[in-house]
Amino acid sequence: MEKILLRNIGVPGSHTLAVYQTRGGYKSWQKVVQTMKPEQLIDEIKASGLRGRGGAGFPTGMKWSFVPKDNPKPKYVVCNADESEPGTFKDRLLIEQDPHAIVEGTLIAAFAIQSHTAFIYIRGEMVFGAKRLEQAVAEAVDAGYIGKNLFGSGYDIDLIVHRGAGAYICGEETGLLSSLEGGRGWPKVKPPFPATHGLFGCRTVVNNVETLATLPWILERGAAAYAAVGTEKSKGTKLFSVSGHIAKPGVYELEMGYPFKKFLEEDCG
């Protein structure tokens, strides 16, 4: 199976902008800003069948489309990098070895809802990961991928890496937003949903690291290519953190619908 999320993992210097660009990095971002309208982008992601990888599995394009347009308040996109479930380390691998894919994916999501300020909220214990993301953002700013009037389009975007304080509950999106506002990480009852009442009471989209890191590949290869992978109702691939009493622990990328028995006994040993 062709790797989508792990395509850059193991490539020397994969965390740097120079190497990321040699592998097609930020071409999808340029394509989006220069040639697509937000509605086209949302339709493309809907057609791909991408579902949120944070746990709920909600269709990503549909989630973006719920953000109201007729509202004068700002709009925000937040990348949930607060990976805190015991035994999980799939997002951390992407954060440390392919941070530009996360940055590019976050920018694409921001354009889809026409947000001009985005955040990557990273778990406090991931000190090395935070440094990698901050370095990636700085490189993207210097290269002109983040800032004002991008590619002469008139579109502006700012991206901020925010470190949490290590509270497990901040992995839940409303608890995360409370923390990002400077308060206690305290989940809120829904509705209202973040799409209408999110960060600072404004329209907000929260997507997981894995979800956002998938976007550049979809925009590069097309929705149909992604929809061709996986099952009828669950498209694409998924990352799995594997540890414990097995021969080959690590992060695996599998096509949705892959038999678990085969994965455990043959792939993981």
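**Pocket lining and nonpolar cores**

Strand β4 contributes the most to the lining of the largest pocket, with 5 residues. The model is a predicted one. The pocket holds about 920 Å³ of space. Its lining comprises 37 residues. Gly-54, Gly-55, Ala-56, Lys-63 and Glu-173 lie nearest the centre of this pocket. Two or more lining residues come from each of α4, α5 (90-97), β4 (203-208) and β5 (237-242). By class, the lining divides into 15 polar, 11 nonpolar and 11 charged residues.

Helix α4 spans residues 60-65 and includes Thr-60. Thr-60 has a relative accessible area of 2%. Thr-60 therefore counts as buried, the cut-off being under 20%. Neighbours within four places in sequence aside, Thr-60 is in contact with Ile-45, Leu-50, Arg-51, Gly-52, Asn-207 and Thr-211.

The largest nonpolar core contains 61 residues. Tyr-26, Trp-29, Leu-41, Trp-64 and Val-103 touch the most other members of this core. Helix α6 (residues 99-113) supplies the largest share of the core, 10 residues.

Val-103 belongs to the 61-residue core.

Definitions and conventions
Residues numbered from 1 in each chain as written. Predicted model: local features only at pLDDT ≥ 70, side-chain atom pairs only at ≥ 80, totals over all residues. Heavy atoms only, no water. Core = buried A, V, L, I, M, F, W, Y, C linked by side-chain atoms within 4.5 Å. Buried < 20%, exposed > 50% of the residue type's maximum accessible area, 1.4 Å probe, protein only. Helix = DSSP H or I, 4+ residues; strand = E, 2+ residues; numbered from the N terminus. Contact = heavy atoms within 4.5 Å. 1 Å grid on protein atoms, 1.4 Å probe; cavity = no way out; pocket = protein on both sides within 12 Å on 5 of 7 lines; lining within 4 Å. Points joined across faces, edges and corners; volume = space filled by probe spheres on them. Nonpolar A, V, L, I, M, F, W, Y, C, P; charged D, E, K, R; others polar.
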